[in-house]
Amino acid sequence: MSVKTAAAVEAPPAAAPRRFRFNLRQSGIYVAFALIVVLFSVITDGALLEPQNISNIIVQNSYILILAVGMILVIIAGHIDLSAGSVVAVTGALCAVLTVQSGLPWGVAVLITLAVGALIGAWQGYWVAYFGIPAFIVTLAGMLVFRALTLTVLGNQGIGPFPQEIRTLSNGFVSGYLGNVGLGPLGGADLLSLLVGLGVVAGVVATQWKARAGRIGYGQTVDPMWVFVAKVVGAGLVVMAVIVQLARFRNLPWVLVLLAVLVLGYSLVANRTVFGRRIYAVGGNVQAATLSGVNVKSVTFWIFVNMGVLGALAGVVFAGRLNQAGPTAGFNFELDAIAAAFIGGAAVQGGVGKVVGAITGGLIMAVINNGMSLIGAQSEKVMLVKGLVLLAAVAYDVWTKRRNR
């Protein structure tokens, strides 16, 4: 074989830009979110996008978004967790007992609460993974057991108030260490928040550029440059628009910082680690995953442990926001978290879903709640709309699967 022929054989294929094709399954959720935001912005005469209202949407729905991060991994693996709301209640009650009644330092109390959440997840994970009981049954039993424990601890009364540090995590805002800067007709805005926003945009650009370069290096098809630039610029504008509005109000909420860390961390785990790929493998085809050497029982066990920890974290955040642990805390939270995951693109059969998609699904529910509240809609109408949106999201998932076939 000649040198020229050998070089031709060994050279990797050049990546060819593909013609622009809209992926309904991957991009439809983001288009739907944008349309819902525009719709309620028009209906509410712009009140939806006011700085204070955007901050309220984030703070008031933070615990659902935290649960959605854990729930999406459970659903990707082909399971479900119906006990999340009761776990929120019992861990919030435990944190209240430790901080208010026992007088433990808030940091120690939070760590103990998270550890108990892990134990709760391990308890449920054992029955699902090693005993073979369906997750639906195990977590349904957990929903009843942990609600009973909450009522046993609290009775018919709440415990509070919480330490200032926990309240700050749930309702507080990052201090404006660098002062304000003028934005013309928009008024003043916190400089530190704006710099954080620019840093986030720069990180998004660098990450997407690196991913594109990696695909080109492996000879995979990529979007045309104009499509890539449009996507990055669009994402950057959305991020900066939200950051500017928050900076104009009271800076970045601490719970938003917490959510950003969770989303980044769990996205990396799901997309870049062996454990994350095993979660998708188990949900996609458990028999094939077993034959490939994946320890299915271990993966299942640890995703429930993780769900317990995030449930405890949501319990602390929710109790801190109300400044009280109450016996009715967490009611129906699991349904909102499950709805967020499915609206965000998770498949009923498992094996499909993204952390960012679950957050987007949670924000869709949050915008619907907030927007209909702004127009004075009654609670039954809000539930009706949310139910129809959930049904439409699952029907859309089924339709796109049939269309791809």
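**A tour of ring pairs, a pocket and a cavity**

Start by selecting Tyr63 and Phe333, both of which are buried, meaning under 20% relative accessible area, where exposed is over 50% and partly exposed lies in between, with a 1.4 Å probe and protein chains only. The model is a predicted one, in which local features need pLDDT of at least 70 and side-chain atom pairs count only at pLDDT 80 or more, while totals for chains, interfaces and linings use all residues. Residues are numbered from 1 along each chain as its sequence is written, and side-chain values use heavy atoms, with hydrogens and water left out.

A search of the whole structure gives 11 aromatic pairs, a pair being rings of Phe, Tyr or Trp (its six-membered ring) with centres within 6.5 Å, called stacked if the planes are under 30 degrees apart, edge-to-face if over 60 and tilted for the rest. Tyr63 and Phe333 are stacked because their ring centres are 5.0 Å apart and their planes stand at 20 degrees. This pair joins distant parts of the chain, since Tyr63 belongs to helix H4 (residues 62-76) and Phe333 to helix H15 (residues 333-343), 270 residues apart; helices are DSSP runs (H or I, at least four residues) numbered from the N terminus.

Next, select Trp127 and Phe131, whose ring centres are 4.9 Å apart with planes at 70 degrees, so the pair is edge-to-face. Trp127 is partly exposed, at a relative accessible area of 25%.

Return to H15, where 9 of the 11 residues are buried, including Glu334 and Phe342. Just after H15, Gly345 takes a positive phi of about 110 degrees.

Now show the second largest pocket, which holds about 690 Å³ of space; a pocket is an open set of points on a 1 Å grid over the protein atoms alone, with protein on both sides within 12 Å along at least five of seven lines, and lining residues have an atom within 4 Å of a point. Of its 23 lining residues, Asp336, Met365, Asn369, Val382 and Lys386 are the closest to the centre. Helices H3 (51-60), H4, H15, H16 (355-374) and H17 (379-404) each supply at least two residues of that lining.

Finish at the largest cavity, with about 50 Å³ of space, a cavity being a set of grid points where a 1.4 Å probe fits but cannot get out. Its lining includes Val88, Phe318 and Gln324, and helices H5 (84-101) and H14 (296-322) each supply at least two of the lining residues.

Key:
Points joined across faces, edges and corners; volume = space filled by probe spheres on them.
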